[in-house]
Amino acid sequence: MHLALPSRKSSNPPPYATRSTRFPLLRRSRVQAIIIFACAVGVILFFVSSLFGGSERIPSGTPPVVIVTVVDEDNYNKEYIENIKENRIEYAKKHGYTTFFPTVKDYELNGSPSTWAKVPAMRHALTKFYYSEYIWYLDQNSLIMNPDLTIENHIMDPKRVESLMIKDQPIVPPDSVIKTWGGLKGNQVQLVLSQDKEGLSQGSFIVRRGDWSKFFLDTWFDPLYRSYNFQKADTHALEHIVQWHPTILSKLMLIPQRIMNAYTKEQSAGETGTYKDGDFVIRFAGCGGSTRDCVKEAEPFSKQWKTVFRAR
């Protein structure tokens, strides 16, 4: 049987197709120049968009401030807790803010004192209200007394907070060698709080949203610091990390106590920290023991805040 053999290739192949002459031939150097020019335009457009329109888009209706108060429903009566919540809610409504009321039992503290609950609560709020610019922690045993003052204008406006800044102040008075920074600008501030006679007072403090605040709260709540069994638990842990972590100290600003943390009792307040009518906040710091009843201390001020709020 004979099989067909493949045809032999022609020894005279057809000539190659000619190039299209519709466009002129570009030299390699000209192509490179076009590519470089296109990249340069892209870089310029990127920087322009970053400067004038590339900031993160905040969803419409996002509250600029979240007020966080951890409530202890086991050790305080329902009427007292409801009064505290109503105070924050009424104030928040007036300024377009929102509130967050977790309970002490919402967070696993692994045997640490319940005062530690404020730290995971603030971390929770940063996640839950991702786009809100400021998270304000206000202790349960406190009341907002002046509804006209806002966080943005009264405290966090860059020029305002710079004017309030206490420079070169010992972190733990009177003679701590670690002091607040003197060159911090208002737009660089990430943490705002005040002092009383004994040291940092974290019953009312503000953090700005962002990675720094997450780092700060995660550091504060580190199991290592909770295991130290500081005498004043979270307060002394805060003083420790502020003094020994320059990354935290460099973004902290201390402001006068009465700006957002005035006390009822002169003996525990700072030099100018005792509450006066018209102040933003009143705190019943240290109440709750056998000698001081928080409910009784708050009663006259509860009537006062309701009168003031309804008049405005």
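Predicted model: local features only at pLDDT ≥ 70, side-chain atom pairs only at ≥ 80, totals over all residues.

**Entry 1: the overall layout**

I began with the secondary structure, and the protein comes to ten helices and nine strands. Here helices (H or I, at least four residues) and strands (E, at least two) are DSSP runs, numbered from the N terminus.

Next I looked up burial: of the 312 residues, 45% count as buried. Buried means under 20% relative accessible area, exposed over 50%, and partly exposed in between, with a 1.4 Å probe and protein chains only. I also checked contacts, meaning heavy atoms within 4.5 Å. Among contacts with a separation of 6 or more, 70% come from residues 24 or more positions apart.

**Entry 2: the sheet**

In what order do the six strands of the open sheet lie? I read β2-β1-β3-β6-β5-β7, with mixed pairing. Two strands pair if DSSP finds at least two bridges between them. β2 (98-100) and β7 (252-254) stand at the edges with a single partner strand each, so one side of each has no neighbour in the sheet. On average, neighbouring strands are turned by 25° against each other, direction ignored. For such angles, axes are lines fitted to C-alpha atoms, for helices over the stretch in contact, and the angles run from 0 to 180 degrees between N-to-C directions.

I then followed β5 (residues 191-195), which pairs with β7 in the parallel sense over three bridges. L193 has L254 of β7 as its bridge partner. Helix α6 packs on the sheet, touching β5 and β6 (200-208), and its direction makes about 150° with that of β6. Helix α8 (residues 233-244) also packs there, touching β5, β6 and β7, with its direction at about 60° to that of β6.

**Entry 3: strand β3**

I gave β3 its own entry. Five of its five residues are buried, so β3 is largely enclosed by the rest of the structure. Y134, W136 and L138 point one way, while I135 and Y137 point the other way. β3 runs parallel to β1, joined by four bridges, and V66 has I135 as its bridge partner. With β6 the pairing is antiparallel, over five bridges; there Y134 stands opposite R208.

**Entry 4: the cores**

Which residues have the most contacts inside the largest nonpolar core? I found W136, I151 and I155, in a core of 42 residues. A nonpolar core is a set of buried Ala, Val, Leu, Ile, Met, Phe, Trp, Tyr and Cys residues joined through side-chain atoms within 4.5 Å. Elements that each supply at least two residues include β1 (65-68), α2 (78-95), β3 (134-138) and α10 (294-311). A second, separate core has 39 residues, among them V66, F129, I171 and L252.

**Entry 5: rings**

I counted 17 aromatic pairs. Rings of Phe, Tyr and Trp (its six-membered ring) pair if their centres lie within 6.5 Å; planes under 30 degrees apart count as stacked, over 60 as edge-to-face and the rest as tilted. The rings of W212 and F216 have centres 5.5 Å apart and planes at 15°, so this pair is stacked. Both residues are buried. Ring pairs link Y137, F205, W212, F216 and W220 into a cluster.

Most residues other than glycine have a negative phi, and most peptide bonds are trans. I noted that the bond from P173 to P174 is cis, with omega near 5°; P174 lies in the loop between α5 and β5. N229 has a positive phi, near 55°, and is exposed, with a relative accessible area of 66%. A233 in helix α8 has a positive phi too, near 45°, but A233 is buried at 10%.

Terms used: Residues numbered from 1 in each chain as written. Heavy atoms only, no water.
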